[in-house]
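Subject: Structure for you to look at

Hi,

Here is the structure I promised to pass on. Please open it and keep it beside this message as you read.

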Amino acid sequence: MDRHGEIADLPEYKQLGARVESITDAYNRQDVDGQSDYFNVAYYSSVDVESDRSRAFREEEAAKRKAARAT
């Protein structure tokens, strides 16, 4: 949960995700035949926006790893 509540429920999150997906989809090619397990795509993409809480956790973990390497 972010200070704004659940981040995925924010309209800005949804708009940003839709914009990024439309850009990535414009440059991707997909030739998929699910019946014969044939998947030929340029790349797979997903959109995720980091919350304040997950950013703080990631930074704390990075600081712990850095301190462990220094010893």
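**Confidence**

Keep in mind that this is a predicted model. The mean pLDDT of the protein chain is 81. Of its residues, 82% reach 70 or more. Helix α2, residues 52-70, has the highest mean pLDDT, at 92. Strand β1, residues 30-33, has the lowest, at 68.

**Thr-24**

Find helix α1, which covers residues 11-26. Thr-24 sits in this helix. Is Thr-24 buried or exposed? Its relative accessibility is 19%, so Thr-24 counts as buried. The cut-off for buried is under 20%. Now look at what surrounds this residue. A polar atom of the Thr-24 side chain lies 3.1 Å from the backbone oxygen of Glu-21. Leaving out residues up to four places away in sequence, Thr-24 touches Tyr-43 and Ser-45.

**Salt bridges**

Side chains of opposite charge can pair when their charged atoms come close. How many salt bridges are there here? The count comes to four.

Take Glu-50 and Arg-58. They form a salt bridge, with the closest N and O atoms 2.8 Å apart. Glu-50 is partly exposed, at 37% relative accessible area. Arg-58 is partly exposed too, at 42%.

In one, Glu-59 meets Arg-55 in a salt bridge of 3.5 Å, N to O. Glu-59 is partly exposed, at 41% relative accessibility. Arg-55 is also partly exposed, with a relative accessible area of 34%.

In the other, the side chains of Lys-64 and Glu-61 meet in a salt bridge, at 3.3 Å from N to O. Here the spacing is three residues in helix α2, so Lys-64 and Glu-61 are again about one helical turn apart. Glu-61 counts as partly exposed, at 25% relative accessibility. Lys-64 is exposed, with a relative accessible area of 51%. The cut-off for exposed is over 50%.

One more thing to trace on screen. Salt bridges with shared partners join Asp-52, Arg-55 and Glu-59 into one network.

Best wishes

How values were computed:
Residues numbered from 1 in each chain as written. Predicted model: local features only at pLDDT ≥ 70, side-chain atom pairs only at ≥ 80, totals over all residues. Heavy atoms only, no water. Helix = DSSP H or I, 4+ residues; strand = E, 2+ residues; numbered from the N terminus. Buried < 20%, exposed > 50% of the residue type's maximum accessible area, 1.4 Å probe, protein only. Polar contact = N/O pair within 3.5 Å; in protein donor to acceptor, adjacent residues only side chain to side chain. Contact = heavy atoms within 4.5 Å. pLDDT = per-residue confidence, 0-100.
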